[in-house]
Amino acid sequence: MKLLKLVRDDTNIDFLKWRVWAFAISLVLMATSVGLVATKGLNFGVDFIGGQMIRATFTQSATAPVTELRETVGSLGYGDPTIQRFGAENQVSIRMKLPEGADKNPELANAMAEKITSKLKSDHPDVRIDGVDSVSGKVSEELFGKGILALLAAMAGVSIYIWFRFEWQFGVGAIWSLVHDVTLTFGLFSLTGWEFDLNIIAALLTIIGYSLNDTVVIYDRIRENLMKFRKMEMASLLNLSVNETLSRTVMTSVSISLPLIVLVLFGPDVIFGFSMAMAFGIVVGTYSSIYQAAPILIWLKVGSHSFVPTDEGSGSMAERIGEDFGAQP
Amino acid sequence: MLDFPRWRIWMLNTLIVVGMAFAIPSLLPTSMRAQLAQFMPTPTINLGLDLAGGSHILLEADTSQLAEARLEALEDSVRTAMRRAKPQIAIADVSRSNGELSFNVTDISKVDAAREVILPLISNNVGARDWNFGVNNGNRIVLSPANSGNETALDQAMDTAKDVIDRRINALGTLEPTIIRQGDNRIVVQVPGLDDPEALKALIGKTAKLEFKLVDEQADPDQTAQGKARVGSQVLPYPDNPTGLPYIAVRRLGGISGDKLVKADPTFDPQTNEPAVTIQFDSEGGQRFARMTQQNVNKLFAIVLDGQVISAPQIREPIFGGVSQISGSFTTESANALSISLRSGALPVDLTIVEERSVGPDLGADSIRRGVLAAVIGTTAILVLMFLVYGRFGMYANVALIINVLMILGVMSFANATLTLPGIAGFVLTIGAAVDANVLINERIREELKRGRRVVQAIEFGYKEASRAIFDANSTNVIAAVLLFIFGSGPIRGFAVVLMIGIVTSVFTAVTITRMWVSLWVKRTRPTELTI
């Protein structure tokens with residue numbers, strides 16, 4: 001049987017040739033992302049800013065009457081709603097600030113939800129209320145704080161691990177490429193105005209996981225080659241490592257992208273933003289492992305002096321683990 | 001690596017079978033699961049509310065109110081104890097401020113006697129003090145809350161509140177609520193399948209503290225209207241007051257509380273035919289109620305619910321037997337809700353809803369259906385690709401991947417874990433990691449073959465060299481998962497749990513299990529050529 005090869009055996013692409021350009025483009029994109037978040041901001045869901053969100057489907061209509069809703073809901077005296085389609089054309093989410101004093105007296109929030117839903121139902125008999133979320137200011141602050149803290153802790157934790165298992169430069173490279181991926185994803189959400197809620201934090205964490213996985217595989221090969229070819233020039237060594245692992249990189253990225261593409265196309269509408277974030281993250285994560293995590297090692301002066309054989313700690317533990325998996329050569 | 005002792009093969013196979021067996025109940029339709037449940041335990045995965053539809057309510061206790069209530073109760077018991085002490089100890093200038101209770105013992109020589117009376121009141125049953133005892137200026141006794149006292153009180157109050165909520169929801173019928181305490185002062189209530197939680201909120205949000213107090217009939221209506229009361233009285237809201245004034249003045253002392261009930265039922269007032277609630281006191285409460293009504297015939301008494309007067313009828317005759325009727329402007333529903341609340345007891349502390357989410361069952365069902373569809377198509381695509389690229393070794397990886405999915409489901413069922421949307425993200429990540437592990441191994445075997453190694457040696461090197469990267473990649477994921485579990489909140493934790501379970505099963509199936517199969521194949525066929 002002839003097996004499929006995604007990457008030709010003799011592939012030897014000079015990836016590192018474009019490292020300065022790639023780095024410059026990345027910096028511009030990151031700066032743009034930061035700028036976007038700073039000026040345009042993120043479209044935070046009620047998870048993070050508090051308030052009330054009502055999701056509704058107009059079962060008998062092709063499209064939801066967004067403009068009309070904005071008027072009718074706005075005229076109820078609770079301030080202007082933020083109304084968005086999500087998923088299908090006939091599904092909307094209506095977001096409101098909680099009425100004054102609702103922190104102390106949840107009846108006020110209930111009354112508001114009741115008034116809006118009954119207005120919707122009387123104007124549109126085909127409407128189906130899919131859910132109501134009310135999050136108080138206090139809880140949303142906590143959710144936001146804890147979400148960001150978890151994100152930062154995870155990023156810092158894995159970078160420290162990489163630092164111990166490899167060399168400090170690798171730790172810096174890893175955290176830099178994570179910051180890169182997360183920043184660009186924030187930029188994407190700011191640009192598109194997709195709702196940013198707790199599920200997106202989970203998506204970001206998944207992106208971090210994938211990106212790191214990729215980085216670790218390339219770093220592992222760099223470490224191996226550094227110990228094998230002590231005289232090789234760093235850029236060539238990095239190119240060699242990236243090319244050697246290229247067929248794996250392509251195969252894994254394609255495999256992981258497949259379910260995500262399906263999820264974006266056929267998955268539940270509620271998680272559209274979530275699936276898009278992950279699909280975006282795979283692309284950016286794969287790119288950053290090659291063009292951020294690897295070249296940074298050159299600039300941080302990793303070279304033949306790294307991983308000198310006396311350095312027992314770096315390789316031996318994994319070899320023991322390898323034996324635990326049962327691979328005794 | 002060809003060396004796989006028989007016991008090890010048995011052990012691994014047993015692990016696979018057991019791990020997957022736990023997944024079975026979760027995959028069966030509900031009806032078949034019920035039949036199976038007659039023969040064996042059937043732990044299942046709970047679907048999170050975002051997937052299954054239902055209501056999630058987060059309640060937070062008002063800790064300052066609890067402290068205030070404790071202080072009030074302390075004042076009551078101190079006053080009673082001083083009055084009952086023999087000889088009676090006179091106290092004056094009682095004040096509650098800054099969370100402390102302080103008062104003067106009028107006769108300075110009786111301070112020691114007062115101390116003897118108070119000490120038993122402020123010690124708890126484990127010997128520690130709930131309140132610190134102090135004396136200022138010779139005769140002013142100051143009782144300040146001991147830290148542990150407030151904490152224990154909160155802890156107990158939250159436990160009681162949880163039970164009370166449980167009883168109230170159970171009274172609603174067939175719902176299957178999950179009620180758990182969260183942190184120091186919060187309770188999470190989750191009810192799958194309930195998408196309109198109005199009735200539920202009306203029920204669990206109410207403190208349902210019932211009190212009977214004597215109306216201060218000498219109060220000046222003008223003063224009452226301004227919210228001012230005489231010494232010993234207090235002004236309470238009374239929305240349905242027949243005089244039109246939405247307030248009423250009641251005596252602070254001499255009332256009784258309605259927490260000693262054995263029964264509360266919705267009924268109709270025989271005279272007006274309006275909905276009402278009958279209550280029955282236990283014997284102690286009944287006696288107190290009889291005494292109060294006997295001593296105050298022809299006076300008005302106020303029925304106070306959660307600090308608001310619902311009606312103030314006249315005591316026409318002493319009420320013996322402990323049965324009474326509460327009427328106010330009830331509807332059938334509100335009378336029913338009140339009787340449930342009264343029956344299940346008052347909440348020991350006021351709870352406020354700080355977060356509420358409800359997901360309609362249609363949306364949830366749609367999410368599951370399309371989520372499963374996407375998962376099946378996506379996984380099939382991976383399986384096909386793996387087979388096309390790696391042939392026999394791809395098949396090994398594929399079977400391992402399917403076992404991996406079943407084992408994750410099995411472990412989650414066994415742990416009775418909840419699968420939420422972020423959990424699915426964790427699932428996708430671990431499946432990615434499992435696929436990647438096999439890709440790493442197989443690519444490495446290819447590479448080693450290309451370098452001219454013989455088949456067996458190439459396989460050995462492939463597993464050994466790839467293990468290092470697999471180990472590092474999965475360690476970083478474990479670290480991330482642990483940190484997320486520690487620092488994250490609800491949904492993020494769901495992600496972390498699935499990730500932790502998934503990493504363990506992924507490494508187990510993608511590395512250990514495939515290696516076993518490969519080694520058995522190598523042993524059987526002694527291949528000299530390998531297509532990979």
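The following dialogue discusses how to read several features of this predicted model.

Colleague: Which residues of chain A does the UniProt annotation "transmembrane region" cover?

Modeller: The annotation comes from an unreviewed entry, and it covers residues 20-38, 143-164, 171-194, 200-219, 240-265 and 271-291 of chain A. Such annotations may be inferred rather than shown by experiment.

Colleague: How much helix and strand does the chain have over residues 143-164 and over residues 271-291 of chain A?

Modeller: Residues 143-164 of chain A are 100% helix and 0% strand, with end C-alpha atoms 31 Å apart. For residues 271-291 of chain A, the values are 95% helix and 0% strand, and the end C-alpha atoms lie 30 Å apart.

Colleague: What does the domain assignment give for chain A?

Modeller: Domain 1 comprises 15-42 + 140-321, and domain 2 comprises 51-135. Their C-alpha centres are 39 Å apart. Where the two meet, five residues of domain 1 of chain A are in contact with 10 residues of domain 2 of chain A. About 510 Å² is buried between these domains, with carbon and sulfur atoms giving 53% of that area.

Colleague: At what angle do helix α5 and helix α7 of chain B pack?

Modeller: An angle from 65 to 115 degrees counts as roughly perpendicular. Helix α5 (residues 63-84) of chain B meets helix α7 (residues 147-171) of chain B at about 110°, their axes being 11 Å apart. Therefore α5(B) is roughly perpendicular to α7(B).

Colleague: Which residues make the contact?

Modeller: B:Thr63, B:Leu66 and B:Arg70 contribute from α5(B), while B:Gly149, B:Asn150, B:Ala153, B:Leu154 and B:Ala157 contribute from α7(B). By class, four are nonpolar, three polar and one charged.

Notes: Residues are numbered from 1 along each chain as its sequence is written. Chains are lettered from A and ligands numbered from 1 in the order in which they are written. This is a predicted model: local features need pLDDT of at least 70, side-chain atom pairs count only at pLDDT 80 or more; totals for chains, interfaces and linings use all residues. Side-chain values use heavy atoms; hydrogens and water are left out. Helices (H or I, at least four residues) and strands (E, at least two) are DSSP runs, numbered from the N terminus. Axes are lines fitted to C-alpha atoms, for helices over the stretch in contact, and angles run from 0 to 180 degrees between N-to-C directions. Angles under 35 degrees count as roughly parallel, over 145 as roughly antiparallel, 65 to 115 as roughly perpendicular and the rest as oblique. Contact means heavy atoms within 4.5 Å. Ala, Val, Leu, Ile, Met, Phe, Trp, Tyr, Cys and Pro count as nonpolar, Asp, Glu, Lys and Arg as charged, and the others, Gly among them, as polar. Domain bounds come from an automatic or database domain assignment. Buried area is the accessible area (1.4 Å probe) that two parts lose on being put together, summed over both.
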